[in-house]
Amino acid sequence: MAMDKLSQLKSMTTVVADTGDLEAIRRFTPTDATTNPSLILQAAQHESRRARMAELARESTDIDDAVDAVAIEVGSEISELVPGYISTEVSARLSFDTQATLTRAHSLIQRYERRGIPRDRILIKVASTWEGIRAAEQLEREGIHTNLTLLFSFAQAQACADAGVTLISPFVGRILDWHKVKEPNADFSGQYDPGVQSVKRIYEHYKGHGYKTVVMGASFRNCGEIEALAGCDRLTISPQLLEELATTEGALERQLVSLEAETSPPEPLDESEFRWEMNEDAMATEKLAEGIRKFMADQRQLEALLAKLRR
């Protein structure tokens with residue numbers, strides 16, 4: 001009997017829903033769920049949430065407090081639908097401030113714990129800047145799990161593994177976007193996709209050196225990218241692509257295989273090495289900056305919505 005590709009993928013990779021849409025989560029039964037400022041904005045704009053958003057906005061001390069209250073509200077609802085992690089993001093505005101990131105992360109964890117959701121269910125999402133990675137390193141020492149997002153380069157992946165973060169989210173589709181602009185006539189299908197190649201390189205490096213950090217491919221543009229990474233530790237997928245996988249039959253072959261570590265980890269990157277490697281990688285530098293700007297643009301929309309509701 002033919003099996004749909006989503007079911008096959010779940011047999012070799014932990015499937016994560018990249019959404020704040022509760023109905024989609026109910027339908028596709030992922031293990032984990034991730035959110036970001038863009039997804040929280042979409043969830044907050046839903047008409048069915050309007051009264052609750054207004055209540056949260058009026059109860060909050062300021063707009064920053066209201067934004068976090070909304071993120072926790074959505075994350076708490078998701079926690080009832082998935083057995084695993086819920087990822088909640090620290091404001092992109094704090095991407096270059098280690099101490100402020102730590103303070104906000106502690107506040108998010110405390111909010112979840114007040115709702116009876118233990119910290120071992122939460123992944124604090126932080127941008128993969130040098131400052132964000134340093135904050136994540138400290139959080140991990142405190143027993144707070146982290147998800148390092150907006151990850152586009154091997155240097156970012158190296159630094160995250162050095163810091164002992166729980167999970168990284170290398171962005172596949174946004175890497176492809178950059179290369180398609182530079183080489184519009186190139187063949188980027190399947191294994192030729194530069195985003196797929198980036199995740200495979202990171203995955204093989206981590207497994208080959210015995211790093212415990214989980215690799216979770218993210219930001220997919222099509223199901224071909226997902227199929228090319230079947231076997232990755234985790235993949236976080238939008239409802240639209242989950243639907244396509246669930247309604248498509250045919251064989252899905254494992255592409256990534258976890259091997260025994262063969263060598264010990266290399267020396268950790270220091271700050272100057274990290275910044276130099278990022279400087280040498282135009283794609284990663286541009287997409288990281290763009291990603292932070294886009295997340296902040298959506299957060300500002302959410303802030304404006306909540307400010308209006310507070311009146």
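Student: In which strand is Asn147 found?

Tutor: Strands (E, at least two residues) and helices (H or I, at least four) are DSSP runs, numbered from the N terminus. Asn147 sits in strand 5, residues 146-151. This is a predicted model: local features need pLDDT of at least 70, side-chain atom pairs count only at pLDDT 80 or more, and totals for chains, interfaces and linings use all residues. Residues are numbered from 1 along each chain as its sequence is written, and side-chain values use heavy atoms, leaving out hydrogens and water.

Student: Is Asn147 buried or exposed?

Tutor: Buried means under 20% relative accessible area, exposed over 50%, partly exposed in between (1.4 Å probe, protein chains only). Asn147 counts as buried because its relative accessibility is 0%.

Student: Which side chain joins that of Asn147 in a polar contact?

Tutor: A polar contact is a pair of N or O atoms within 3.5 Å; within protein, one must be able to donate a hydrogen and the other to accept it, and residues adjacent in sequence count only if both atoms are side-chain atoms. Here the side chain of Ser87 pairs with that of Asn147 at 3.2 Å.

Student: Where is Glu260, and is it buried or exposed?

Tutor: Glu260 lies in the loop between helix 12 and helix 13 (271-280). Glu260 is exposed because its relative accessible area is 70%.

Student: How many residues apart along the chain are Glu260 and Lys207?

Tutor: They are 53 residues apart along the chain. Their C-alpha atoms are separated by 6.8 Å.
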